[in-house]
Amino acid sequence: MLQAILKYSLKNRLIIILVVIAISIFGWLTVKNLEVDVFPDLTAPSVAILTECPGMAPEDVERQITFPIETTLNGARDVRRVRSTTVNGFSIVWIDFDWGMDIYKARQIISEKLSLIQEDLPQRAHTPFMAPQSSVMGEIILIAVHSETQDPMVLRTLVDWEITPRLLAVNGVSQVVTIGGDYKEYQILLDPLKMAHFQVSLQDVRQACETMNQNTAGGILNEFGQEYVIRGMAQSANLQDLGSTLLKMNGPAPVILNQVAQVTIGSHLPKVGESYFNGQRSVILTIMKQASGNTVEITADIEKAIAELKLSLPADVIVNDQVFRQSDFIKTSVNNVTRALIEGGVFVVLILFLFLMNGRTTIISLIAIPVSLLITIIIIKLLGYSINTMSLGGMAIAIGLLVDDAIIDVEIVLKRLKENRLKPIEKRKPSLNIVYEASMEIRSSIIHATLIIIVTFIPLFFLSGMEGRMLMPLGITFIVSLLASMIVALTLTPVLCSLLLISEKQLRRPVEGGNFLVRRLNRRYSDLLSRLLSYKKWVIGIPLLLFVGAIIVLTTLGSTFLPKFNEGVLTITSVSTPGISLEECNLLNQQVENKLKEIDGVKLVTRRTGRAENSEHAHGGSNASEIDVPFDLNGRTLEEFFEEVRTELGKIAGLSYVFGQPLSHRIDHMLSGTRAQIAIKIFGPELGKLYDLGTQVGALAKTVPGLVDVNVEQQIDVPQIKIIPNRTLLAQNGISLAEFNEFVRVALGGEKIGEVYEGNRRFAMTLRLDGKYHLELEGIKNALIDSRTQGKVPLSLVSDIVSSGGPVTINRENVQRKLVVSANISGSDLTSVEAELESVIAREVSLPQGYFIEYGGQFESASSATRKILWTSLLAISIIFMILFIEFKQVELAGLILVNLPLALIGGIAAVWISAGSISIPALIGFITLFGIATRNGILLISRYLSLNDQGLSIRESIIKGSTDRLNPILMTAITAALALLPLVLKADRPGNEIQSPMAVVILGGLISSTLLNLFVIPAIYLLVGQRVANKSKKHLHHEL
Amino acid sequence: MKHFIRLFLLLGFLTACQYANHESSPATHEDHEEEALSIHVFADGMEIFAESGQLVAGEEVAMRAHLTILENYAPVASGTLSFRLRQSGSEGSWQELDFLKAGIFTGSFVVPKAGICQMEFKYSDLDQEHVFIKDSLRIVSLKEELLAEEHQEGLPFLLEQAWETEFGIQRIENQTFSQALNCGGAIIASPESTYELSSPVSGQIQIERNDLVIGAYITRGTLLFTVKGSGFGNENLDVLAHTAKAVYDNSKTILERKSQLRALEAVSQKELEQARADFEIAKSQYEALTDHLAGQGVQIKSPVSGYLTELNTTANGFVERGFLLGKIVRQGELLIQANLPVSKAKDANNVHSLYFKQMGDPAIHTLEEQNGSLISIGNFVNPLTGMIPILFKVDGQGLTPGSFAELWLLTNPTEDQIVVPKSSLIEEYGLFYVYVQIGGESYEKRAVKIAATNGRDYLIESGLEIGEVIVSKGAMAIKIANAMGTPPAHVH
């Protein structure tokens, strides 16, 4: 088949060139329109179910809402994990499905199950609903709306009724979560003293108010030839009108609402969240995109929408969309990787030209790069992948290898053409035949080498979960581009050779030796090699020692999952004691804001404290804040900057922090359900006991060197006011328990009793006692409840009002209560720290019956991924061995070529040792790639030795000549591959490069060691085993090189 | 070949360099030094807190002083701070400390000879000067002589933290405390100022003024109603008048006859006198009715000037004799009836005055301003309202009888009490605590028992002593600083 392709290509050269041009144009168009994203789609099939139940205590919410939802859904098909968080008045249940589950099917299953439990939920609970489907990286932009002069209520109303609807109309936006400002509502604040005076009961007010602001239809009037609709226009937004509503008649005297209550406009209570922009009260919008949207495009559309909105907003309202923009990070990362790719390409050009010193051969080889890449992009598009830093990284790593096939082809074709030219004219063959034969000559080498590299990537496809999703596109792009380059080498390259290399001028140059540089290099190498071959034992022994050394070093290297990347935005979660009021928390965090603003490089500071209504992104309560800080490093490293922030904020007593960045924070969270690198999950039934154990574990964790940000999830009680009815006194006063409950719920908690329309804007109308009676403990005691026997009595007379405590947040996983102790790693490696931690905990902590500990976090993924990669690498190596055996038909030769692997390992490990100091998943992939490249060098050498042996040269002669012959292509391919990676290595800390750079470092190091050692060690070993091998292979390989 | 080796080495080097700067530099952490000697003195609305090494003769020790303005609990922004050590026989020389940053001065000094000394600080800024004196400091000649001082264990809260937040301290002093019991009530007219207008006869009523509606102001003597007789009923005005005339005519005839008979001495003088008396009665009754009959009905005039508060009849309606036509309330004295919830019954007997706010009027009035006084404290529960009634008498100037009023009943002021502001209290599980300052930067969490509150201040029954310094603002900051929070499992 290959033969046919080659033959067809050479026969239809014009068609091939036209096809290539067509592919190039199509590829270019595809590039222009491809979805660009920062990472591959990492969204796990997960659905969040949110239930609001205003005012209910966490224990009640857990018992009456969270638990029924969890148990109903836990048994659903393909459910991997059920997690939940219950806070005051709110329940969130996450259902994580198996990877690969269709999200729409998952939502359908949940939807069906939810309809079953609806009836079991308490009346007060709102209907549970599924959070909009959106990817992990869904939060694409944060927008702060602030003003020097406008009231927070005006801001919030503008956001809710002008800005949010416009943003939701942007194609691709799935949800806008708003936090901050004052949420406007119409309030009826009852004065119990006045109610007592006018003998008005709570029931009187509720009855009168429920229908007071509704328009009614009065049928139709047909008169004067027209049809009139009759309407009762009771709706009003005028406070005076609303206040004039009749409540009851006291004899002949009417009592109106204004006489017993204040009808006013106020901020919704209780306030669950606040937001600040540079220390000023503001409204912050988090815009979520739909799972499949193109972040960059949606962001551009949002920007356009905001620009339009700004025209209609009051001049003093500022809309700032620079707080966090995923698209900026995407653009920077993609640009950085693209630049690394282009710079790598430039290096390749330079090296090729240096070695070939021939414009035409350089061009032919180089053309392979863009053509292969464009073909890759088309295929990637067809496979349904997006362009992201990972797929671009795959191309960046491959770029040095893409020319290899072409170089090998061009070299051999040129050589054969020159040989042909030297023959007498009558014996010369037509150029096309020469090109064909030469290409056929190396086709199997090209194919085997490519196959081997592809095989080395097998382990990548065994990675599951998020790491698989993250790295798979890299592998796929790499493989596709290599295959593309192989096809190019079999089609376009021979065609171009046949067109460009047949001129007399080209062929007049000497056959052997190449340019001055190459000749000099070859001479030096052959001298050195022949001298070194006399010291075989040293040549073999020293690398062996190095290898042993490398293995020893390897055992000391730590491992991490993914390298840290710089997103340009710092996400600080600051947490104070649970139960602290929003006001106090604001006071504390103002200090944080002030400190942050003083740090060099901080562009602005936005803070969200508490939570937004109906948001899946739930913190504990008003004690937790999320602070987003866009920054410039200004010459510092990311670590240095983080350290500076840590030190400054550490000076504020009463807050603890978790430092992260928007995307890494979410990736951490996806891995374990907890955001830190290490999550120790303690399961058990009693919250108090869990907290005791947690504190114990936390204290132990702090003693483990290398662990920072150790945090024990707070499970201390938060204050509660318990109003315990005194049934005897209630009975004496003729108050039923239902009335008592209603009083606590409505009079103290507040009840939405209707709606008020201002044009199209709709605001809730709530009914409750005046603030004096529900915002102060004394007030609650004095609040008057309707008695049937004597007017009204103070609440404290019929109940015990006590200050008490209850849990703040109840977290559960797989229907078990859990408490998480989390920690991050600093300056050490994940696995060893984790092992140390586990042993310390096992030794020191004794768990009561029913309690158990699970470890999660990045290390969990890292260790499982590492294990998989190691096992599958062994599989890959055996497949490589098989391929080599097919090529050489000899176990010894196949083994000899595999000697390159340890040689490559030496440099790879050394590079890791010098650089990061720990092995990450990308570094492992670097090793994989390295094995492929190194093996190929081995094949090139050995096949040449065999061929020279075949031609009758002695073993030693064939080694020296063969090695010198192959020096050129080996060095050329190695240096092109290495230099192509250099930009990734040198700009390792640029956003987007962080993940590929450990890979590049390993490949670079390994290439250096394997190339250098390969050129001496393989000849030395071959000298030892050569004769035996040569004899055997003569029988098999006479037709090969 | 050499070139390539060099090239590779260079590459290797570059790679290494790239990562070399990944090592993070150790953070410069400003530790708060543990000092051996601390001096904490208040003067002129300022607080100085200085820490230094122990005073061992001849040794050089470092000093760090914090200077706070108590009014807003802010660090001094400028100025100079000097100090000296005075010993018997030596005044010591002033030594100026360096201004490190707002509120903080540092320096070092050589400790003079052993003995008892006094440390004096002088702070000057612009033209003001403040002096702080700490007496009885002991300088030892050898370290070994240092007595193990009793170290006060307290909750730390650094001044630098306090300056950054809203903070304040206050010395406990004897105060007068009065409770204010919030309750509802009504402004009502006093019984002696209310006049009832009843119909003296049955008949048809005629309203004599067009503006006679509830709330109208009426001057004394104004004709309000006329009751006209008509043909029905026994109590009819006409019947009465005619009956009276008949009785009058009859008695007149009897009197005339008896007069003649007396002249004849046919009747006794006594009988004549009786007849004269009957005549006089009948005459006066008849005349009384004839007066009213002048306008063809009985006229009812306002006996006082005041407001018509009740009107129970309509024009031309028939009224029986004695029917309550309306009420006029004389302008002037009113009553305020407070309805105190039973839950505050124990305080009821201590009530001596009140503040009040009339419905629809934001102004708060005092009892004094209304020349009012306490009339009675009802020691019973009104079965209709379930409240304890307490009555006050007021002038009534500007007040509207019948309206609702929000009241604050003031209890008798008690003197020499310990009173703390609400902002100084921390509540946990029904127990109250305050933070007592035990050093410049250390505090003690002290449980206190609350006796009463007036909404703004709390009367402390036990737990605090006069002279102690408590945190009056920012108590929560100390509580939070000493209870580290940790992130709850936060989720997306």
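Predicted model: local features only at pLDDT ≥ 70, side-chain atom pairs only at ≥ 80, totals over all residues.

Me: What is the overall make-up of chain A?

Reply: The secondary structure of chain A comes to 34 helices and 34 strands. Its C-alpha atoms fill a box of roughly 130 × 85 × 55 Å along the principal axes. The chain has 1041 residues, and buried residues make up 60% of them. The accessible surface is about 39,800 Å², with 57% of that area belonging to carbon and sulfur atoms. Among contacts in chain A with a separation of 6 or more, 80% are between residues 24 or more positions apart.

Me: And what are the corresponding values for chain B?

Reply: Chain B has 6 helices and 33 strands. It has 492 residues, of which 41% count as buried. Its accessible surface comes to about 25,300 Å², and carbon and sulfur atoms hold 51% of this. For contacts with a separation of 6 or more, the share from residues 24 or more positions apart is 69%.

Me: How do you know that the length of helix α20 of chain A agrees with expectation?

Reply: Helix α20(A) covers residues 582-598, which is 17 residues. The expected span is 1.5 Å times one less than the number of residues. For α20(A) that expectation is 24 Å, and the end C-alpha atoms are 24 Å apart, so the two agree.

Me: What can be said in the same way of helix α11 of chain A?

Reply: Helix α11(A), residues 326-356, has 31 residues and reaches 44 Å from its first C-alpha to its last, close to the 45 Å expected. Just after α11(A), Met357(A) takes a positive phi of about 45 degrees.

Me: Why is Cys585(A) called buried?

Reply: The cut-off for buried is a relative accessible area under 20%. Cys585(A) has 0%, and therefore counts as buried. Cys585(A) is one of the buried residues of α20(A), which also include Leu582(A), Leu588(A), Val592(A) and Leu596(A).

Me: Why does Cys117(B) receive that label?

Reply: Cys117(B) has a relative accessibility of 3%, which is under the 20% cut-off, so Cys117(B) is buried. As to cysteine pairing, the structure holds 0 disulfides over all chains.

Me: Why is Glu406(B) called buried, and where is its place in chain B?

Reply: Glu406(B) lies in strand β27 of chain B, which covers residues 404-411. Its relative accessible area is 6%; the label requires a value under 20%, and Glu406(B) is therefore buried.

Me: What makes the pair Glu406(B) and Asn182(B) a polar contact?

Reply: The side chains of these two residues are joined at 3.3 Å. The limit for such a pair of N or O atoms is 3.5 Å, so the distance of 3.3 Å falls within it.

Me: Which residues are in contact with Glu406(B), leaving aside its neighbours within four places in sequence?

Reply: From chain A, they are Asp191(A), Leu193(A) and Lys772(A). From chain B, they are Asn182(B), Cys183(B), Tyr355(B), Phe356(B) and Lys357(B).

Me: How do you know that β32 of chain B pairs with β28 and with β31?

Reply: Pairing requires at least two bridges. Strands β28(B) and β32(B) have 4 bridges in the antiparallel sense, and β31(B) and β32(B) also pair in the antiparallel sense over 4 bridges. Both pairs therefore meet the requirement. Asp457(B) is the bridge partner of Pro421(B), while Ile460(B) is that of Ile450(B). In the hairpin of β31(B) and β32(B), with 3 residues between the strands, Gly455(B) has a positive phi near 95 degrees.

Me: Why is Phe224(A) called exposed, whereas Tyr429(B) is called partly exposed?

Reply: Exposed requires over 50%, and partly exposed lies between that and the 20% limit for buried. Phe224(A), at 66%, is therefore exposed. Tyr429(B), at 47%, is therefore partly exposed.

Me: Which peptide bond is cis, with omega near -5 degrees?

Reply: The bond from Leu269(A) to Pro270(A) is cis. Pro270(A) lies in the loop between β13 and β14 of chain A.

Terms used:
Residues numbered from 1 in each chain as written. Chains lettered and ligands numbered in written order. Heavy atoms only, no water. Helix = DSSP H or I, 4+ residues; strand = E, 2+ residues; numbered from the N terminus. Buried < 20%, exposed > 50% of the residue type's maximum accessible area, 1.4 Å probe, protein only. Polar contact = N/O pair within 3.5 Å; in protein donor to acceptor, adjacent residues only side chain to side chain. Contact = heavy atoms within 4.5 Å. Areas by Shrake-Rupley, 256 points an atom, 1.4 Å probe, with all protein chains shown as cover. Disulfide = S-S within 2.5 Å.
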